[in-house]
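Biologist: I'm new to this one. Can you put it on screen and walk me through it?

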Amino acid sequence: MAVLSWTPELRHSLERWLQEDLGRGDLSGAAVGDGQGCAVWRAKEPGRFCGGPLAVELFRLLNPAVRVQVLAADGEDVIPGTELLRLHGPAAALLAGERVALNLAMRLSGVATATAHLVEQLAGSGIHLVDTRKTTPGLRILEKYAVRCGGGLNHRMGLDDAVMLKENHLAWAGGVVPALQRVRTQAPWPVAVIVEAETEAEAQAAVGAGADGVLLDEFTPEAVAGLAPKLRHTARQRGKALVLEVSGVRPGQLRAYVSCDVDLISISAPVTRSPWLDLAMRHEGRLVRPAAGRLRTQGR
């Protein structure tokens, strides 16, 4: 089960996103006054839900009097009509937080749903689907959380997690060997070094130089199947474990790589190409308004 890491930065982001929508104040809120309301979130199409804990925190930040009951866990498959959340509290707060909370949940549920469809293609293969750093600025933590809710794994959260030497690094460093040697000697803490190879020669040079992983970019399944045993043999001769990864794979072609002896397939499509999952919040019953110092029910 994916777990969302709550950091001060994430809570600050939620506050900023609420303020972005509220501006100088919700002018529409006057329509419901100080009444108390109930509402429910439902899925309008099938998919993988993601965003319940965010909704809880968003409404808490907006008004602590709002109570949110989570009915569908993040990472749970839903169908049209599935009840996701129930909300109770000041109606003006429920309406003011509705759009920000739904926007985040629909976006993240779309990423989780797209990830789940791709993970399904790799079922039983032992190959893990991993994401990339192609994320929306400001949403990386959440989009990568959504990938985990869809059954994928996170590759790197940022540039400080691991070394990945790509085409431009290798060109400006003068090749695989000098690039790898420099980062090995200058890294301030122990890190894995991954080399993105565009040719067989680059891949062989990376393994020969002691890379921990090789990412074979835009190699055909046939090319990967022929090269993988050679790379693993070279790594064994050096007494070193090797993680083999492929990238540049189209979403509909993952099954073609399941017999190629690779460990990972990295893909950006769940984040960069996924549509939002359609969710909605609807009122339940009429408002309860304060009257003579107490609440009087107007009926359900």
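**Pocket and salt bridges**

Modeller: The largest pocket has a volume of about 540 Å³. A pocket here is an open set of points on a 1 Å grid over the protein atoms alone, where a 1.4 Å probe fits, with protein on both sides within 12 Å along at least five of seven lines. Points are joined across faces, edges and corners, and the volume is the space filled by probe spheres set on them.

Biologist: What kind of model is this?

Modeller: This is a predicted model; local features need pLDDT of at least 70, side-chain atom pairs count only at pLDDT 80 or more, and totals for chains, interfaces and linings use all residues. Residues are numbered from 1 along each chain as its sequence is written, and side-chain values use heavy atoms, with hydrogens and water left out.

Biologist: Which residues lie nearest the centre of the largest pocket?

Modeller: Thr132, Lys134, Ser247, Ser266 and Ser268, out of 24 lining residues. Lining residues have an atom within 4 Å of a point. β9 (213-217), β10 (243-247) and α9 (269-272) each give two or more residues to that lining. Helices (H or I, at least four residues) and strands (E, at least two) are DSSP runs, numbered from the N terminus.

Biologist: How does the lining divide into nonpolar, polar and charged?

Modeller: It has 6 nonpolar, 7 polar and 11 charged residues. Asp, Glu, Lys and Arg count as charged; Ala, Val, Leu, Ile, Met, Phe, Trp, Tyr, Cys and Pro as nonpolar; the others, Gly among them, as polar.

Biologist: New topic. How many salt bridges?

Modeller: There are 16. Each is a side-chain nitrogen of Lys or Arg within 4 Å of a carboxyl oxygen of Asp or Glu.

Biologist: Which residues does Arg42 pair with?

Modeller: One is Glu83, with the closest N and O atoms 3.3 Å apart. That pair joins strand β1 (residues 36-43) to strand β5 (residues 83-90), 41 residues apart. Another is Glu284, at 3.7 Å between the closest N and O atoms.

Biologist: Which residues are linked in a network of salt bridges?

Modeller: Arg42, Glu83, Arg86 and Glu284.

Biologist: Is Glu284 buried or exposed?

Modeller: Buried, at 16% relative accessibility. Buried means under 20% relative accessible area, exposed over 50%, partly exposed in between (1.4 Å probe, protein chains only). Arg42 is partly exposed at 29%, and Glu83 is too, at 27%.

Biologist: Last one. How many disulfides?

Modeller: 0. A disulfide needs a pair of cysteine sulfur atoms within 2.5 Å. Cys260 is buried at 3%, while Cys38 is partly exposed at 22%.
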